[in-house]
Structure formats: structure tokens, C-alpha cells
Amino acid sequence: MRRVYLLLGGLGLAGLIAGLFLLQPGKEPGNVTFLGEVVPPDRIALGETLYAENCASCHGVKLEGQPDWKTPLESGRMPAPPHDASGHTWHHADRQLFDITKRGLGAVVEGYESDMPAFADTLTDDQIRAVLAYIKSTWPARERAFQDDVSTSDGAR
């Protein structure tokens, strides 16, 4: 009986610690942050619409990316990667994702050729933030927490 109590007590402490982590500002389940600010649900909904209109044709309706996205195309360029948890988008900081979307990958990674256009003349900064918040809203809590940490470390915002 004592073992059961100790085990439950340990799980209770672990649960409490996990709960405290998740309940930090901006870390509540369901909350999405961008550049350190909690994004309201209406902005995420706008982002979903804008994603469907501007991004889904390459990155997939379900954020799944193009088939075989890790293998170069005949042109030597890479296919559009997924933006769901199976891809690598969640490894990058908010500021970097914003810059890539606004200016295009070639402007952020000098000399890199990509089929992804810059959206500076298509979407406003606020619309770009909404699209990225929508993408982030689809990630599991673990990936979102990792990406939030990347975005806040070393002034990466």
C-alpha cells in the first residue's frame, strides 16, 4: 500500500510540475503565441483562411507539404515542406518564419534558390502573423512549446 501511495505522490508532483509549465503565460493549452503575444482565436481563423488562399496549393490543405519533400526536384530546388508537426517549421523562431514568409527564403538564406515567393506585396505584416499563428495552432503542445522556447531564446523574437 505504501508503494502505491509513493507512486501516486510522485505522479502528483510530476503532474503539478507539468501543469505549472503549461500554465505559464502563453503556454495554456490552446493558446498560441507569436512574437511573445497571445494570438486571439479570430486572428487564427483569419490565418486559416489566408493559408488556404495563399499557401495550401504548395504546402497542402492539411499542411502536409509536397510528396517526397526532402528530395530535390529536377530543377534542383526543394519541394514545399510540411508545416504540420512532421516537418521542420516548428524548429524555427517566429522572427525567422516571418522573414521567410515576407521576403522569401532566398532573401533570408543568401544564394538559396526556392520556388517559394515572397509575400510582402501580397499579405500585410498582420496577415503574415495570422497565417503563422494558424500554422502554430495545429502543432501538438510539445512542438509548440519547443518553438516558443526557440523564439524567445537569444533575442530570436
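Me: Is Asp 68 buried or exposed?
Reply: In this predicted model, Asp 68 has a relative accessibility of 55%, so it counts as exposed.

Me: Where does Asp 68 sit, and what is its phi?
Reply: Asp 68 belongs to the loop between H3 and H4. Its phi is near 50 degrees, which is a positive value in a residue other than glycine.

Me: What about phi of Leu 63?
Reply: For Leu 63, phi is near 65 degrees, again a positive value in a residue other than glycine. Leu 63 is located in the loop between H3 and H4.

Me: And Leu 63, buried or exposed?
Reply: Leu 63 counts as buried, because its relative accessibility is 4% and the buried class covers values under 20%.

Me: Let me step back. How many helices and strands does the protein have?
Reply: There are seven helices and two strands in the protein. Read from the N terminus, the order of the elements is α-β-β-α-α-α-α-α-α.

Me: What share of the residues is buried?
Reply: Of the 157 residues in the protein, 32% are buried.

Me: How many of the contacts join residues at least 24 apart?
Reply: Taking contacts between residues at least 6 apart in sequence, 53% join residues at least 24 apart.

Me: Now the aromatics. How many aromatic pairs are there?
Reply: The count is two aromatic pairs. One of them is formed by Tyr 51 and Tyr 134, with ring centres 5.7 Å apart and an angle of 50 degrees between the planes; this pair is tilted.

Me: Which parts does that pair of Tyr 51 and Tyr 134 tie together?
Reply: Tyr 51 is in helix H2 (residues 41-54) and Tyr 134 is in helix H6 (residues 125-137), so the pair links parts that are 83 residues apart in sequence. Both Tyr 51 and Tyr 134 are buried.

Me: What kind of pair do Trp 90 and Phe 146 make?
Reply: Trp 90 and Phe 146 make an edge-to-face pair, because their ring planes are at 80 degrees and angles over 60 fall in that class. The ring centres are 5.3 Å apart.

Me: Where do Trp 90 and Phe 146 lie?
Reply: Trp 90 is in the loop between helix H3 (56-59) and helix H4 (94-103), while Phe 146 is in helix H7 (residues 141-152), so this pair ties together parts 56 residues apart in sequence.

Me: How accessible are Trp 90 and Phe 146?
Reply: Trp 90 counts as buried at 11% relative accessibility, whereas Phe 146 counts as partly exposed at 39%.

Me: Back to H2 and H6. At what angle do their axes cross?
Reply: The axes of H2 and H6 cross at roughly 95 degrees and come within 7 Å. The two helices are therefore roughly perpendicular to each other.

Me: Which residues make the contact between H2 and H6?
Reply: On the H2 side, the contact is made by Arg 43, Ile 44, Leu 46, Gly 47, Glu 48, Leu 50 and Tyr 51. On the H6 side, Asp 126, Gln 127, Ala 130, Val 131, Ala 133, Tyr 134, Ile 135 and Ser 137 take part. The contact residues of H2 and H6 comprise nine nonpolar, three polar and three charged.

Me: What does His 59 touch?
Reply: Leaving aside neighbours within four places in sequence, His 59 contacts Tyr 51, Glu 64, Gly 65, Ala 80, Pro 81, His 83 and Met 116. His 59 is in helix H3 and is buried, with a relative accessible area of 10%.

Me: Met 116 is in that list. Which residues does Thr 101 touch?
Reply: Not counting residues up to four places away in sequence, Thr 101 touches Met 116, Pro 117, Ala 118, Phe 119, Ile 128 and Leu 132. Thr 101 lies in helix H4 and counts as buried at 11% relative accessibility.

Me: What separates the C-alpha atoms of Thr 101 and Ile 128?
Reply: Those C-alpha atoms are separated by 7.1 Å, with the residues 27 apart along the chain.

Me: Last one: where is Pro 140?
Reply: Pro 140 is in the loop between H6 and H7 and counts as partly exposed at 40% relative accessibility. Pro 140 and Asp 84 are 9.1 Å apart, C-alpha to C-alpha, and 56 residues apart in sequence.

Notes: Residues are numbered from 1 along each chain as its sequence is written. This is a predicted model: local features need pLDDT of at least 70, side-chain atom pairs count only at pLDDT 80 or more; totals for chains, interfaces and linings use all residues. Side-chain values use heavy atoms; hydrogens and water are left out. Rings of Phe, Tyr and Trp (its six-membered ring) pair if their centres lie within 6.5 Å; planes under 30 degrees apart count as stacked, over 60 as edge-to-face and the rest as tilted. Helices (H or I, at least four residues) and strands (E, at least two) are DSSP runs, numbered from the N terminus. Buried means under 20% relative accessible area, exposed over 50%, partly exposed in between (1.4 Å probe, protein chains only). Axes are lines fitted to C-alpha atoms, for helices over the stretch in contact, and angles run from 0 to 180 degrees between N-to-C directions. Angles under 35 degrees count as roughly parallel, over 145 as roughly antiparallel, 65 to 115 as roughly perpendicular and the rest as oblique. Contact means heavy atoms within 4.5 Å. Ala, Val, Leu, Ile, Met, Phe, Trp, Tyr, Cys and Pro count as nonpolar, Asp, Glu, Lys and Arg as charged, and the others, Gly among them, as polar.
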